[in-house]
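Please walk through this fold one feature at a time. Keep the coordinates open as you read.

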Amino acid sequence: MDLLKTILPLYGNPTPSGCTPEEIDILKQRFGTIPQVVEDFYRLAAKTHPFHTAQDTWILPENYKTWPWLQKIDALVLLLENQGVCLAAIRREDLTHPDPPVYVSYWKNQSFSTDWQPCANTTTEFFSAALAYQAAFTFPFDPETFYWYTPEEKTLIQANLTPLPFYLKNWCSEMEITLYQNAPDNLLALMSFQGEDDSQTLYGAVTEQSYQKLLSVVGNLGEEI
């Protein structure tokens, strides 16, 4: 998958590991069909170990056999937020599309809402953005904290780092996550909230060299949270 060329360096270039055809058949039996991009991701990379050491939980086909709550959601769930605040999924009516949009559902009144909010325009964009964002929680070189950035500091980031061509909308309390870097193995996630001027940031790198390159732009910015 082309997205892995961007994503794997953020995890230290691990060897991708995927699901077996029998495991993928669990989803096909549950939903009748799954999008080709989903099948490709599960077959090639869904079990890559570092992907499962980050903040949130990637849903694997076998989870549909052991987690009863998944059976209650009439959508193909891809990612569960670590505190169960929200999840990302492909709605059943979109499963016949080769690269469908991904939506978010929030936990309300003891269940996940059926009022789906858009998260990414395509599944490819979702996998790319979510995997990149998750990598920011695994970096061996990071400031070990979050920062608040003012609108002026946000503008500096946008002017001096390269934006990645994908992002997440409405993730966890209606947060928009945009992603920036200046080396293949570093990343800054800029998290903006509706109704707030300031943005929250998380950043780091796989190598010290790339971390220092990132710090050359952001090292004097932000207020520690």
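Start with a cysteine. Cys19 is buried, with a relative accessible area of 6%. The model here is a predicted one. Another cysteine, Cys86, is buried as well, at 0% relative accessibility. How far is the sulfur of Cys86 from the closest cysteine sulfur? The distance is 5.1 Å, and the partner is Cys172. A disulfide needs sulfur atoms within 2.5 Å, so the sulfurs of Cys86 and Cys172 are too far apart for a bond. The disulfide count for the model is zero. In general, a disulfide would be a covalent bond between two cysteine sulfurs.

Turn next to the charged side chains. The model has eight salt bridges. One of them joins Lys47 to Glu23, with the closest N and O atoms 2.7 Å apart. Lys47 sits in the loop between helix 3 (36-44) and strand 1 (57-58), while Glu23 belongs to helix 2 (residues 21-31). The two are 24 residues apart, so this pair links distant parts of the chain. Is Glu23 buried or exposed? Glu23 counts as buried because its relative accessibility is 18%, under the 20% cut-off. Lys47, at 26%, counts as partly exposed.

Lys47 has another partner. A salt bridge connects Lys47 with Glu62, and here the closest N and O atoms are 3.1 Å apart. Glu62 lies in the loop between strand 1 and helix 4 (63-66), 15 residues from Lys47. This pair, too, links distant parts of the chain. Glu62 is partly exposed, with 24% relative accessibility. Shared partners join Glu23, Lys47 and Glu62 into one network of salt bridges.

Arg43 and Asp40 meet through their side chains, 3.1 Å from N to O. Both are in helix 3, three residues apart, so about one helical turn separates them. The general rule is that an α-helix has 3.6 residues a turn, so residues three or four places apart point the same way. Arg43 counts as partly exposed, at 43% relative accessibility. Asp40 is among the buried residues of helix 3, along with Val37, Val38, Glu39, Phe41 and Tyr42. What covers these buried residues? The cover includes helix 2, strand 2 (75-80), strand 3 (86-91) and helix 6 (123-135).

The largest nonpolar core holds 69 residues. Within this core, Phe51, Leu76, Phe126, Trp171 and Leu179 touch the most other members. Helix 6 gives the most to the core, with eight residues. Take Leu76 and set aside its neighbours within four places in sequence. Its contacts are then Leu27, Phe31, Ile34, Pro35, Val38, Tyr64, Ala88, Ala89, Ile90 and Leu95.

Finish with helix 6. Eleven of its 13 residues are buried, so helix 6 is largely enclosed by the rest of the structure. Among the buried residues are Thr123, Phe126, Phe127, Ser128, Tyr133 and Gln134.

Conventions. Residues numbered from 1 in each chain as written. Predicted model: local features only at pLDDT ≥ 70, side-chain atom pairs only at ≥ 80, totals over all residues. Heavy atoms only, no water. Salt bridge = Lys/Arg side-chain N within 4 Å of Asp/Glu carboxyl O. Helix = DSSP H or I, 4+ residues; strand = E, 2+ residues; numbered from the N terminus. Buried < 20%, exposed > 50% of the residue type's maximum accessible area, 1.4 Å probe, protein only. Contact = heavy atoms within 4.5 Å. Core = buried A, V, L, I, M, F, W, Y, C linked by side-chain atoms within 4.5 Å.
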